[in-house]
Amino acid sequence: MSLHAQDDPELRAAQEARLREVWKPPQGLFLRWTDTNNDRVGVWYTLTAFGFMLFAGVLALIMRTQLAVPDNDLVSANSFNQLFTLHGSMMMFLFAVPMFEAVSILILPQLLGARDLPFPRLSAFGYWSFLLGGVFVAGSIFFNEAPDGGWFMYPPLTTRTDLSGLGADIWMLGLSFIEVSSVAAAVELIVGVLKCRPPGMRLNLMPLYAWYILVVAVMILFAFPPLIAGDLLFEMERLLNWPFFDSSRGGDPLLWQHLFWIFGHPEVYIIFLPSIALFAMLVPTFARRHLLGYPWIVLAAVGTAFLSFGLWVHHMFTTGLPKISLAFFSAASEAVVIPTGVQIFVFIATLWAGRVTWSTPLLYATGSLAIFVIGGLTGVMVAVAPFDWQAHDTYFVVAHLHYVLIGGTLMPLFAGLYYYWPLITGKKLSDRLGRIAFWMLFAGANITFFPMHFSGLEGMPRRVFTYPAELGIGGLNLVSTLGAYLFAAGVAVVCLDLALSPRRRPGARNPWGAGTLEWLEDPADDAHWGVRCVPLISSRYPIWDQKDFVKKVDEGRFFLPDAEEGRRETIITTVLDARPLSVVRLGTPSFKPMLTAVALGGVFILTTFHLYWAALVCAFATLFMVLWWLWTGTAEIPEKECKPIGHGMKLPLYISGAAAPGWWAMFITMMADATAFSGLVFGYYFFWTRHADFPPEGMDAAPGAFWPMVALAVALVSWALTVAARQLNAAGAVGVARAALAAGAAFSAYGVYAGLAGPWLSGMDPEAHVYPAIVWTLAVWTAAHSGVAVIMQGYALARSIAGRMTPKYDADVRNITVYMHFFALTALVTYATIGLFPGVS
């Protein structure tokens, strides 16, 4: 299709009609739930996360009412423990992180000028996992079974079943299920940013929102898996009596704190950086100029992410760590102020240099920066170990935490809500109600949390359900409670504004006059395909800088303006310079992601209630659903080699290897898997370095070196056979490649036995001491991965026999080879560790 072809109005109308037909949502309520378009999945995701936020806010109001006066008896101590545990857990796990993922899934395709992100069904699976897990965890409070050990769930109070009830299992297994959805969203967002940018959008031309989302999604890969590893150890202690945190049998409760805060402190920045990303979009819009210091703010975002992983121990200053550790982590905690300050001053400088148009979104943005800076200043205080020793576990820390989270997460989200609502609905929210709500929220936040600094310094500890009048802090607590109700009233005004929105008239397209790509879509046009065509980019603000840009997009004068074959498609580009590589066909509406999430949810939920056989059935159902999903929805051999995308260009409809989004998805998923595995290995060497008697004297049972080395050899042979199968298949030796895959699967199956033989045949009892428990854990983890290798190699073999994988169309074998690389590394580390360090017999 040439550029001149678009001068024909009838051709343009026919193209738009085909696009509209291809991208229209399914009809009927149930079928709409099966739609996997990220535009609609993002809306469901956002509304669900917002609902969880409101529910958690109600729990907070009950707590503040209980603490309004001394010696109050509104709720019992047990109920209060459930309230604050569930409030914190929901705000961190069910609102802050999912909300950023939801908003990103919603606006990132438009912001990148893409029709959709590369794996829309994966986004839908993540949403359904989040919804089911969230309802399971949040609903526990109505049955008096909510977790009550704090949102950090410190052992041994939570690992001992005689001291904690079912709530601890609900927290662990329910939130582990939710963490699966977070990792799924991270995979989607990383591949989307790297591979779905429009032609010409080099890395240095990406919108800053895309940069921030890329940084944060990578952080999720390294922050969430250690918590998943900790959850695994936690539940094995509760369900199997394996003593990872039981000091009487060699365990150590500090291991949980390390694994939790390796996740917990980066998470603060995981939820803060997306809020800064919203500032990076709206500040240039209302300053009417490009953002100053683009390279510096990108480096600052990367620097903040990097430093955030070196701060976790400042949550553990009172646990008796060596002074050298305190000094290092205190210095790192101070150092993170530098990149954070760079980002804030970039926004201030841009506003200073521009022609500011004050608006409701900008009012929220500037107000949130003021609140966040106060929280940052108190953060510098608690980063100093001597001060932290005094303020630790007091309401001073509560005040600091909430200033950071409200200023760095909640208020910026309200700014983004008022900014992007016209993009979603075509209608602006009320400036009058928005400003009223802002001042209520701003005043309420400060009235609530500023007095807590003083009540904390006066000696009020955290997590107490009442306090004596003699402490002299009743007045401060009453003020905080009144402020909480004022803040809640501000949230209610925002909800009222949203409820009144459908009655308002549609507004102008791009009402703020922004310069970035997300404003190309006209919500009033009821277009479900995003942009009319995928544009060519030569500027960071193309609507401002590229002549007649919007008109050319509306007329379909760029790339992929049609849906000739009746398929949902977008363009895949190179990572660095966004050169077009191929056209990828996207997943269509399907109930498979929903059913897969339900089956996987059954594994976690039924395990909570110790219904292990039913959970096993759900595990097999999950495996069946995943294989069905992959067999029918991925690596499809197209009906033709290439298709024209406009301007005389043709792109292939199939690519494999490192250029393909599927290869990247596998690589990123395995990075998350390797990070979780590193958490388990960290546990092994933590015990080894912390305890001189690891393994304890007199314990003869050890895996020895023979069986671990046999298992390692078997794993490496299986890996080599898979690599050989990939090469042989590409060379056209299909029969030999199939034989190599079959042999590789046989070796992987034997690897399951060989991996477990060492601890099994040596009679290691995982309930007796932490040494056999951690050895068994590493062996089971690696044996399970060997079992997954069997499934993957068998899947590729079946695809080849069925004619769905050929020497030319070989994405399946290339993708499983990525898995086998990581599996070989896992086997090497595991078997070298348990066979050679210490305990060789």
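Is N241 buried, partly exposed or exposed? Select N241 in this predicted model: its relative accessibility is 34%, so the residue counts as partly exposed. N241 sits in the loop between α7 (208-240) and α8. Check the backbone there: phi is positive, about 65°, although N241 is not a glycine.

L560 is another non-glycine residue with a positive phi, near 55°. With a relative accessibility of 2%, L560 counts as buried because the limit for that class is under 20%.

**Salt bridges**

Stay in the loop between α18 and β1 and select D562 together with R18. These two side chains form a salt bridge, with the closest N and O atoms 2.6 Å apart. The pair links distant parts of the chain, since R18 belongs to helix α1 (residues 9-23) and D562 to the loop between α18 and β1, 544 residues apart. R18 is partly exposed at 32% relative accessibility, whereas D562 is buried at 9%.

Select R557 and E555 now. Their side chains meet in a salt bridge with an N to O distance of 2.5 Å, and both residues are buried.

A further pair is E569 and R585, whose salt bridge has an N to O distance of 3.2 Å. E569 lies in strand β1 and R585 in strand β2 (residues 580-585), so this contact ties together parts that are 16 residues apart in sequence. E569 is buried, at 2% relative accessibility, and R585 is buried with a relative accessible area of 17%. The whole structure holds 25 salt bridges.

**Cores and domains**

Colour domain 1 (374-505) and domain 2 (680-840) separately. Their C-alpha centres lie 49 Å apart.

Which residues touch the most other members of the largest nonpolar core? They are L108, Y209, Y364 and F414, in a core of 257 residues. Helix α8 (residues 253-287) supplies the largest share of this core, 24 residues. Domain 1 and domain 2 each contribute at least three residues to this core.

Centre the view on F414. Leaving aside residues up to four places away in sequence, F414 touches F50, M53, Y364, L441, V491 and V494. A second, separate core has ten residues, among them A114, W529, A563 and L586.

**Cis peptide bonds**

Select P155 and P156, which are joined by a cis peptide bond with omega about 5°. P156 is in the loop between α5 (120-139) and α6 (166-195). Then move to F694 and P695, where the peptide bond is also cis, with omega near -5°. P695 belongs to the loop between α21 (661-690) and α22 (706-730).

**A nonpolar surface patch**

Select W613, L616, F620, L623 and I791, which make a nonpolar patch of about 540 Å². Which helix gives the largest share of the nonpolar patch? Helix α20 (residues 612-633) does, with four residues. L616 lies in helix α20, and at 38% relative accessibility L616 counts as partly exposed.

Methods. Residues are numbered from 1 along each chain as its sequence is written. This is a predicted model: local features need pLDDT of at least 70, side-chain atom pairs count only at pLDDT 80 or more; totals for chains, interfaces and linings use all residues. Side-chain values use heavy atoms; hydrogens and water are left out. Patches are made of residues with over 30% relative accessible area and no salt bridge: like charges are joined within 9 Å, nonpolar side chains (Val, Leu, Ile, Met, Phe, Trp, Tyr) within 5 Å. Accessible areas come from the Shrake-Rupley method with a 1.4 Å probe; for residues, only the protein chains shown count as cover. A salt bridge is a side-chain nitrogen of Lys or Arg within 4 Å of a carboxyl oxygen of Asp or Glu. Helices (H or I, at least four residues) and strands (E, at least two) are DSSP runs, numbered from the N terminus. Buried means under 20% relative accessible area, exposed over 50%, partly exposed in between (1.4 Å probe, protein chains only). A nonpolar core is a set of buried Ala, Val, Leu, Ile, Met, Phe, Trp, Tyr and Cys residues joined through side-chain atoms within 4.5 Å. Domain bounds come from an automatic or database domain assignment. Contact means heavy atoms within 4.5 Å.
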